[in-house]
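Here is a quick briefing to read alongside the structure. Keep the view open and follow along topic by topic.

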Amino acid sequence: MAVEHPVTTPSGDQTRIHNIGYRSYDGPRLGRAYARRSLYSQSLRGAYGLGRSVKSKVLPMLLFVVMCVPAAIMVAVAVVTKAKELPLDYTRYAIVMQAVISLYVASQAPQSVSRDLRFKTVPLYFSRPIETADYVRAKFAALASALFVLTAAPLLVLYVGALLAKLDFADQTKGFAQGLVSVALLSLLLAGLGLVIASVTPRRGFGIAAVIAVLTISYGAVSTLQAIADAQNSSGAIPWIGLFSPITLIDGVQSAFLGASSAFPGGIGPSNGEGVVYVLVTLGLIAACYGLLMRRYRKVGL
Amino acid sequence: MVRVTTFYNVTVIATESLSKRFPRVTALDRLSVDVGPGVTGLVGANGAGKSTLIKILLGLSPASEGRAEVLGLDVATKGADIRERVGYMPEHDCLPPDVSATEFVVHMARMSGLPPTAARERTADTLRHVGLYEERYRPIGGYSTGMKQRVKLAQALVHDPKLVFLDEPTNGLDPVGRDEMLGLIRRIHTDFGISVLVTSHLLGELERTCDHVVVIDGGKLLRSSSTTDFTQTTTTLAIEVTDTDEHPDGTRAMRDALLARGADLQDGATGLPGAGHVLLLTAQGEETYDLVRDVVADLGLGLVRMEQRRHHISEVFTTDTDHDASRKEAVGHGS
């Protein structure tokens with residue numbers, strides 16, 4: 001790289017090109033897949049405020065710490081009391097900490113896509129080798145990965161702690177694996193929902209409010225209806241009501257297939273048959289989010 | 001250091017009866033034009049189809065009919081390849097305020113396929129070439145309009161494209177910033193060896209900057225020819241003479257004498273209101289200059305001024321609009 005000479009231009013004559021000369025670029029151009037990976041890594045780093053201002057690092061880092069601290073405490077308790085098992089299942093952890101996760105999605109989904117819309121950076125991306133699908137996939141994958149890091153890190157803390165406390169290895173490993181599958185599904189689902197909502201508005205504030213509203217209102221409404229159904233002894237309806245909010249959806253999937261105890265009222269999770277419906281709805285929702293994002297960005301274009 | 005453009009006889013952009021129809025408007029109507037290397041101006045009023053044309057040329061929007069090639073690549077099938085070799089500076093604001101120019105341009109370089117190290121080196125080079133120095137480490141939000149335009153230009157040049165599309169690069173700039181930007185555009189070709197397609201609705205700007213001008217209106221080609229063709233087909237002479245005792249109104253006497261000798265006065269026998277003492281005369285060749293000399297000498301007047309006036313593109317533009325039938329067909333340039 002040429003060394004920059006001290007510049008002695010009078011103000012107002014800044015366009016003068018110093019006698020360093022223009023050098024053309026003959027090196028490799030790595031194309032579309034590389035550009036997509038670059039956008040992915042930039043968005044993933046951005047989801048934790050890396051490469052951005054100090055101010056934007058505060059919230060994601062804080063939420064990350066808040067997610068991990070309870071896990072560390074549980075591990076400490078288990079080690080000290082020489083408990084036979086962890087106070088909380090791996091699969092239950094994300095359900096218990098759902099408020100923190102929702103807050104993270106609400107703050108980072110708009111950060112990821114609303115900024116590009118608001119500052120009209122999107123056309124610059126599409127004037128480069130990438131296509132609509134590359135942009136959507138990179139953003140989707142980045143937020144899902146960021147969420148996975150957020151939700152899997154405390155599970156890892158629990159697992160390592162459990163092994164240090166000399167709990168049963170096979171048992172813990174199975175629980176940890178089930179927990180990872182569960183949070184992976186949760187990450188994909190919440191990333192999809194968050195991005196779809198955020199991509200509608202260029203205003204970050206609206207995006208944040210809308211994501212929080214959708215996640216908490218749906219969970220609140222579903223829980224209330226389930227409680228009413230439970231009180232009226234129509235417990236058959238409880239699993240079906242659970243289909244209508246993202247958190248209860250994941251709860252249902254893991255109660256049916258991942259050995260989790262259900263958080264539904266009365267502890268009645270969906271049966272295996274109902275569980276299949278839960279899995280299909282979850283995967284369907286993730287696919288629908290991807291489809292909606294594609295449709296949205298085909299319009300935004302240049 | 002001048003990089004010699006080696007592709008003579010090569011058209012950078014070629015369109016063939018390119019049309020783009022939306023349900024309610026026809027944005028481009030059978031546009032056929034060839035653009036060679038160099039700086040080419042794309043002129044048209046707002047809504048003339050300039051931005052639509054750029055979108056099609058970037059392979060982002062399919063044409064309704066006709067075809068187009070950029071750098072010899074078909075826009076319909078080779079969009080991604082074209083976008084790897086072409087830079088684009090949008091008309092609107094497109095910069096996030098909370099990152100520095102360096103970070104932003106590095107990211108955009110990587111989006112164009114440059115490996116990380118090359119992206120950083122090219123960013124430093126390019127920002128210096130567009131005239132951004134220490135301020136490039138500060139967040140873009142604090143930049144002036146002129147500086148933001150430079151960042152936008154830098155992100156279009158950072159991957160060393162063969163061709164850049166600049167959409168209204170002088171928008172929102174003050175006269176000084178405008179001149180600097182135009183100078184920079186000129187250098188993109190002369191110093192960097194990159195061909196330029198620059199749009200503007202201001203004709204005077206392009207006259208100074210471009211080798212070639214394409215005028216479109218309502219999605220149709222009005223004219224495509226080199227800037228010298230536009231401005232030097234005819235020359236106007238501006239003449240000013242003194243008054244003498246013999247001829248108290250020297251201008252009047254000069255005008256009558258010239259008309260008597262069959263000269264082609266552009267402002268007719270009476271002169272334009274407010275034109276004062278300036279006579280405008282169409283020069284047909286060397287003999288017109290001799291005629292003026294002889295007439296001045298015969299009348300015994302003093303010749304204060306005789307200068308060539310270049311036509312402005314705007315004059316050509318307006319006459320061509322009036323005579324739509326005499327519209328020129330696409331004239332290749334650089335061949």
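Start with helix α3 of chain B, residues 101–111, which is mostly covered: 9 of its 11 residues are buried. Keep in mind that this is a predicted model. From there, the tour takes in the contact between the chains, a helix pair and a sheet.

**The covered helix in chain B**
- If you want to pick out the buried positions of α3(B), they are A101(B), F104(B), V105(B), V106(B), H107(B), M108(B), A109(B), R110(B) and M111(B).
- What do these buried residues pack against? Their partners come from both chains: α1 and α5 of chain A, plus α4 (116–129) and α5 (145–157) of chain B.
- After α3(B) comes G113(B), with a positive phi near 100°.

**Where the two chains meet**
- Chain A puts 40 residues into the contact and chain B puts in 45 residues.
- On the chain A side, α1 (31–47) and α5 (122–126) each supply at least two of the residues that touch chain B.
- Which element gives the largest share of that side? That would be α1(A), with 7 residues.
- Sorted by class, the side of chain A that touches chain B holds 18 nonpolar, 14 polar and 8 charged residues.

**A helix pair in chain A**
- Helices α6 (residues 132–164) and α7 (residues 169–200) of chain A have axes that come within 8 Å and cross at roughly 155°.
- With a crossing angle over 145° counting as roughly antiparallel, that is why α6(A) is described as roughly antiparallel to α7(A).
- The crossing of α6(A) past α7(A) is right-handed.
- Look at the residues in the contact of α6(A) with α7(A) and you get 20 nonpolar, 6 polar and 1 charged.

**The sheet in chain B**
- Chain B has an open sheet of 4 strands, ordered β2-β1-β4-β5, with antiparallel pairing.
- At the edges stand β2 (26–35) and β5 (73–74) of chain B; each has a single partner strand, so one side of each is left without a neighbour in the sheet.
- Inside the sheet, 5 bridges join β1 (residues 13–21) of chain B to β4 (residues 65–70) of chain B, and the two run antiparallel.
- For a landmark in that pairing, find A14(B), which stands opposite E69(B) in β4(B).
- Helix α1 of chain B, residues 50–57, packs on this sheet and touches β1, β2 and β4 of chain B. The direction of that helix makes about 115° with that of β1(B).

Note on methods
Residues numbered from 1 in each chain as written. Chains lettered and ligands numbered in written order. Predicted model: local features only at pLDDT ≥ 70, side-chain atom pairs only at ≥ 80, totals over all residues. Pairing = 2+ DSSP bridges. Contact = placed C-beta atoms within 7 Å. Axes fitted to C-alpha atoms, helices over the stretch in contact; angles between N-to-C directions. Nonpolar A, V, L, I, M, F, W, Y, C, P; charged D, E, K, R; others polar. Buried ≥ 20, exposed ≤ 12 C-beta atoms within 10 Å, placed from the backbone. Parallel < 35°, antiparallel > 145°, perpendicular 65-115°, else oblique. Left-handed = near helix turned anticlockwise from the far one by under 90°.
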